[in-house]
Amino acid sequence: MLQITDEMRKELNQLRDRIYGDLTALAFMSKSGGGKLHWYYVSGSRSNRYRLISFKVGHGIAGLAVRLGRTVTVNALLPGSIRLRQECALMLAEQLHSAIAIPFSSTGNLPNGVLLLGNRDVRTFTDSEVAEATRVAQRLGELCTHPPTS
């Protein structure tokens, strides 16, 4: 099981504050395999229901980001976004209407984790916000590989 460190929590909380997001979340591939990911930490959640949510690679916004290996965006202004929102249990549970999902790798190979940023209002994330989130996702991948020893 992935151990969420204080540094990971700090990165996620600071990112949420910097981009004025309502929620940031970290999912990671389960060790048991099967192509399932689990939400390990959420900043800004309204409940702890995220702990019960898992999803398959290719399913919903986060699963699609992992499958494609690139950032995926959902907002009401983009075609196909309604389906991706409906397939993401976290977006439904947290009543998110806009989100971006950024895959990352802790092994340097295929993505095995995903960072999700969400808002409860319809909004478009700017290129600089996506770039900042991508930097944080890469940092989270490094922290998953080499957890600090404190």
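**Exercises on strand pairing and overall form**

Alanine 25 stands opposite valine 42 in β2. The model examined here is predicted.

**Exercise 1.** Determine which strands pair with β2, and in what sense.

*Solution.* Step 1: take strand β1, residues 23-29; β1 and β2 pair in the antiparallel sense over 6 bridges. Alanine 25 and valine 42 face each other in this pairing. Step 2: turn to strand β3, residues 54-56, which also pairs with β2 in the antiparallel sense, over 3 bridges. Here leucine 37 has phenylalanine 55 of β3 as its bridge partner.

**Exercise 2.** State how many residues of β2 are buried.

*Solution.* Step 1: β2 covers residues 36-43. Step 2: a residue counts as buried under 20% relative accessible area. Step 3: by this criterion 6 of the 8 residues of β2 are buried, and the strand is mostly covered. For the chain, the buried share is 48% of 150 residues.

**Exercise 3.** Give the order of helices and strands along the chain.

*Solution.* Step 1: the chain contains 5 helices and 6 strands. Step 2: read along the sequence, their pattern is α-β-β-β-α-β-α-α-β-β-α.

Terms used:
Residues are numbered from 1 along each chain as its sequence is written. This is a predicted model: local features need pLDDT of at least 70, side-chain atom pairs count only at pLDDT 80 or more; totals for chains, interfaces and linings use all residues. Side-chain values use heavy atoms; hydrogens and water are left out. Helices (H or I, at least four residues) and strands (E, at least two) are DSSP runs, numbered from the N terminus. Buried means under 20% relative accessible area, exposed over 50%, partly exposed in between (1.4 Å probe, protein chains only). Two strands pair if DSSP finds at least two bridges between them.
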